Amino acid sequence: MSTTPEEVVAASDLLAKNEALKKQLKAATKALMAQQAAQVLASGQQVNEVHIESAGDISVLALLVLKGASEETLLWAKLNGRLYFALISPAGQARDCLARLQALGEVQGGGSPKVVTGNTTLPLERVAETIN
């Protein structure tokens with residue numbers, strides 16, 4: 001191997017910095033999700049647009065909203081041409097809503113009685129009707 005000790009130390013430093021940046025990003029994402037959840041809960045609206053970077057973000061956000069939700073709530077975001085959603089039902093009716101949605105067309109998703117997440121090509125209006 002033709003790697004010098006200095007190169008090994010430099011690579012080790014880069015790996016350590018990368019790990020530190022990953023931890024910072026994770027903490028910042030968690031704080032952003034908490035802030036969005038607080039905004040959703042403060043709005044008092046049943047249908048809320050949220051901003052997500054990946055499909056998994058909506059699941060994290062939904063669980064945070066569930067902690068303070070008192071009524072059915074729909075979170076939605078557009079990502080890669082699809083509508084991503086989370087149906088939150090403190091009364092445990094989320095799976096029933098998802099079943100009604102799946103009967104309408106192309107809907108993928110799943111979850112617990114209180115929170116389901118998924119994605120669809122259906123328009124937002126059709127999805128929003130399921131929580132009423």
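Colleague: Let's start at a strand pair: which residue in β5 is the bridge partner of valine 107?

Modeller: Keep in mind that this is a predicted model. β4 and β5 run antiparallel, with five bridges joining them, and a hairpin of three residues links the two. In β5, the residue that bridges to valine 107 is threonine 120.

Colleague: What is the order of the strands in the open sheet?

Modeller: There are five strands, and their pairing is mixed. β1 (47-49) and β4 (107-111) each have a single partner strand, so they stand at the edges with one side left without a neighbour in the sheet. Neighbouring strands are turned by 20° against each other on average, ignoring direction. Reading across, the order is β1-β2-β3-β5-β4.

Colleague: What angle does the direction of helix α3 make with that of β4?

Modeller: α3 covers residues 94-104 and packs on the sheet. There it touches β3 (82-88), β4 and β5 (115-120). Its direction and that of β4 make an angle of about 165°.

Colleague: Why are the buried residues of α3 on the same side of the helix?

Modeller: Buried in α3 are Ala94, Cys97, Leu98 and Leu101. As a rule, residues three or four places apart in an α-helix point the same way, because there are 3.6 residues a turn. What covers the buried ones in α3 includes β3, β4, β5 and α4 (124-128). They sit on the same side because, around the axis, they cover an arc of only 100°.

Colleague: Which element gives the largest share of the largest nonpolar core?

Modeller: That core has 17 residues, and among those touching the most other members are Val50, Ile58, Leu61 and Leu75. Two or more residues come from each of α1 (5-43), α2 (57-66), β2 and β3. The largest share is four residues, and the element giving it is α2.

Colleague: How many residues are in the second, separate core?

Modeller: Leu83, Leu98, Leu122 and Ile131 are among its members. Leu98 is also one of the buried residues of α3. The size of this second core is 15 residues.

Terms used. Residues are numbered from 1 along each chain as its sequence is written. This is a predicted model: local features need pLDDT of at least 70, side-chain atom pairs count only at pLDDT 80 or more; totals for chains, interfaces and linings use all residues. Side-chain values use heavy atoms; hydrogens and water are left out. Two strands pair if DSSP finds at least two bridges between them. Axes are lines fitted to C-alpha atoms, for helices over the stretch in contact, and angles run from 0 to 180 degrees between N-to-C directions. Contact means heavy atoms within 4.5 Å. Buried means under 20% relative accessible area, exposed over 50%, partly exposed in between (1.4 Å probe, protein chains only). The arc is that of the directions from the helix axis to the C-beta atoms. A nonpolar core is a set of buried Ala, Val, Leu, Ile, Met, Phe, Trp, Tyr and Cys residues joined through side-chain atoms within 4.5 Å.
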